[in-house]
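Please study the sequence and the structure shown below before reading on. The paragraphs that follow begin with one residue and then widen to the chain as a whole.

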Amino acid sequence: MKKVKIIANPNSGRGAALGKILELIELMSRDEYEIELLFTHKEGDGIKFSENYSGEDFIICSGGDGTVNEVVNGIYLSKRDTPLAILQSGTVNDFANAQGLPTNPLKFYKMIKNFNIKTIDIGLAGDRAFINVAAGGMLTEIAYTVSAEEKASLGDMAYYLEGVRELFGKKFFKYQKVINFNIESDEFTGSVEGLLFLITNSTSVGGFKNMAPLADVSDGYLDVLIFKGFKFSEVPELATSLVGGRHVNHDKVMYLKTKEIKISSDEELTIDVDGEKASTLPMTFKVLENKLKIIVP
């Protein structure tokens, strides 16, 4: 008999998580699973539940990217290699979508029955682990204006969606502010004037499937994008390139792959990881190779 710990955010995806979990438990009741069900209600619950070991053979996480981030951090802090299955139920779910993980409880049930394990990298932003992206700059600063109600409605990645909408809107150019990023890495060391940076582990960020088209969760590298300042007249070309994944060659985008990078700036910038606020620059970001086991189709 396998023991499974289910960690779920009941409010994720406008409450869709709860229905999915109940359907999944009904399916799992056909087999000899010992199930521990834990609901998150406040910040830090996901970390606490996944760090504390209660004999589980694997963990199921149901929620958006922020919930997944907490569970990944708990597994990382526990120093165990407990496999993780992600039942996406948020609005954007970048990482789960990039990995082709099922949203349907029946397909998800079949996936965990097959128990196909894939070992992947995770990122470390200071002392905070991330599974998909760490970001800083104007995109995240703008998007912090998203209200709690909007975030609850749109999901954990609402700040990116709002930020991208502002980034390509006329209003953005009234207060566009270029930031001087100081970069230290084996691939590049120097200063870059930019609007924002993204450090990704997978291809998808903020609903853009090809934000980091060269990324691979098992290649031992993080993909770094720095968006430089641009004029409103350049928006159509850049936006089209972004959708098609061709922006990596655009002169307004710096793109590199690295194992470790330190970023500082001339002003205080709050960094967030997988949709959750972290600490401020300066910060070192590095890849932790083959650090997490996930269950995949």
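**A guided reading of the predicted model**

Apart from neighbours within four places in sequence, lysine 2 is in contact with Glu32, Tyr33, Glu34, Asp57, Phe58 and Phe115. The coordinates discussed here belong to a predicted model. Lysine 2 is part of strand β1, which covers residues 2-8. How far apart in space are lysine 2 and glycine 55, C-alpha to C-alpha? The two are separated by 53 residues in sequence, and their C-alpha atoms lie 9.5 Å from each other.

The view may now be widened to the whole protein chain. The chain contains nine helices and 16 strands. Of its 297 residues, 55% are buried. The protein chain exposes about 12700 Å², of which carbon and sulfur atoms supply 48%. Among contacts in the protein chain with a separation of 6 or more, 74% are between residues 24 or more positions apart.

Several details of the backbone also deserve attention. Most residues other than glycine have a negative phi, and most peptide bonds are trans. Against this background, lysine 79 has a positive phi of about 60°, although it is not a glycine. This residue is located in the loop that runs between α3 (65-78) and β4 (84-88). With a relative accessible area of 76%, lysine 79 is exposed. Asparagine 290, likewise a residue other than glycine, has a positive phi near 50°.

The peptide bond between leucine 281 and proline 282 is cis, with omega at about 0°. Where is proline 282 placed? Proline 282 sits in the loop between β15 (276-280) and β16 (283-296).

Finally, the confidence of the prediction should be considered. The average pLDDT of the protein chain is 86, and 82% of the residues score at least 70. Over residues 153-157, however, pLDDT stays under 50. The model has 19 contacts beyond four places in sequence for this stretch. Where pLDDT is low, the predicted coordinates should not be read in detail.

Methods: Residues are numbered from 1 along each chain as its sequence is written. This is a predicted model: local features need pLDDT of at least 70, side-chain atom pairs count only at pLDDT 80 or more; totals for chains, interfaces and linings use all residues. Side-chain values use heavy atoms; hydrogens and water are left out. Helices (H or I, at least four residues) and strands (E, at least two) are DSSP runs, numbered from the N terminus. Buried means under 20% relative accessible area, exposed over 50%, partly exposed in between (1.4 Å probe, protein chains only). Contact means heavy atoms within 4.5 Å. Accessible areas come from the Shrake-Rupley method with a 1.4 Å probe; for residues, only the protein chains shown count as cover. pLDDT is the predictor's confidence in each residue, from 0 to 100.
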